[in-house]
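Student: I have a model open and want to learn how to read its features. Where do we start?

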Amino acid sequence: MKKANRTVEGPDHLVHTARLPLSTSTLNYLAGLIRGHLKKIASPWRALPEGKIAGIVLAVLRCDQRPGDLAGGNGIHRTTVTRWVREAVGLLAARAPRLQRVLKKIARKGGGIVLLDGTLIRTRRRTGSEIRKNYSGKHKHHGLLVIALTGDKGRLLWVSATRPGRTSAITACRHDQLPQKLRAAGLGAIADLGFVGLDDSGPDADPAVIAGYKAAKNPPLTRGQKLSNKALAAVRAPVEHGFAHLKNWRVLGKVRTDPSWATALVRALMVLTNREVSR
């Protein structure tokens, strides 16, 4: 009697197609970057055309598809998909705006206010010495801190380098010399109460960061201070929309790769987010 070792569920190489919730212009933009890069490095051949490579990369970034699953469905190796993703992320991150250029551009156009906030990108639990610095006591899980500036409509203007989750938002802003650069450009930033104390300028200088008033038992907030906090909260609401658009990329749901690569990943997704929002 022969043994039947075949599974009853179906064939081993079952392929399923799904719709990617992105615009064609984003796909064409990424395909153009890849095509230009291949021409620059004089790479004569790839296993798939540029448009197909761009679609695979966007599937990994937008839907957090596993490279092994995409590789099996396209007849390529898993490491090839991983290499394509890192290559595309590097090309996109190189086009992310830098802080001083952004501030100068806003000042040149006559703008006066930007919105400032921070968010935590979740990561997997690290081992060894990495476990402590990536744990955020505020959010009660491991992650990486990202600081961002947005416009009054919530469009992302700049994102900082990622830092360990235990880093405070004020420490990260001071490391980037954000108050000094805002004041040098003649701009101001509106932030939440987590940034109180960031701007330590003198009493006679115009504040570069406006963060409202923190409540205390003695003395309590006055009615004017409460109204001021309410008005600032309404003004800075669009910055939450900017982070929401950024986190639509499900690869940021939990970063499973090396945290040192997360800075390039976040900046690449910022470029793609702005293209999706502005279309």
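Tutor: With strands. A strand here is a DSSP run of E, at least two residues long, numbered from the N terminus. The model is predicted. H141 is found in one such run, strand β3.

Student: Is H141 buried or exposed?

Tutor: Apply the cut-off: buried means under 20% relative accessible area. H141 has 16%, so it is buried.

Student: Which residues does H141 touch, beyond those up to four places away in sequence?

Tutor: With those set aside, H141 touches L120, R122, N134, Y135 and S136.

Student: How do I read strand pairing around β3?

Tutor: Look for bridges and their sense. Strand β3 covers residues 141–150 and pairs with β1 in the antiparallel sense, over eight bridges. L120 stands opposite L145 of β3.

Student: Which strand is joined to β1 by three bridges?

Tutor: That is β6, residues 188–190, and β1 and β6 run parallel. I113 stands opposite G188 in β6.

Student: Why is β1 described as largely enclosed by the rest of the structure?

Tutor: Count its buried residues. Strand β1 spans residues 113–122, and seven of the 10 are buried, so the rest of the structure largely encloses it.

Student: What should I expect of side chains along a strand?

Tutor: In a regular strand they alternate between the two faces of the sheet.

Student: Where do A42 and D64 sit?

Tutor: In loops. A42 is in the loop between α1 (24–40) and α2 (50–63). D64 lies in the loop between α2 and α3 (67–74).

Student: Are these two buried or exposed?

Tutor: A42 counts as exposed because its relative accessibility is 62%. D64 has a relative accessible area of 16%, so it is buried.

Student: How do I read a buried helix residue?

Tutor: Check accessibility, then contacts. L246 lies in helix α10, residues 237–246. Its relative accessibility is 1%, so L246 counts as buried. Neighbours within four places in sequence aside, L246 is in contact with L156, L252, V266, L269, M270 and T273.

Student: How far apart are the C-alpha atoms of L246 and M270?

Tutor: They are separated by 6.5 Å, while the two residues are 24 residues apart along the chain.

Note on methods
Residues are numbered from 1 along each chain as its sequence is written. This is a predicted model: local features need pLDDT of at least 70, side-chain atom pairs count only at pLDDT 80 or more; totals for chains, interfaces and linings use all residues. Side-chain values use heavy atoms; hydrogens and water are left out. Helices (H or I, at least four residues) and strands (E, at least two) are DSSP runs, numbered from the N terminus. Buried means under 20% relative accessible area, exposed over 50%, partly exposed in between (1.4 Å probe, protein chains only). Contact means heavy atoms within 4.5 Å. Two strands pair if DSSP finds at least two bridges between them.
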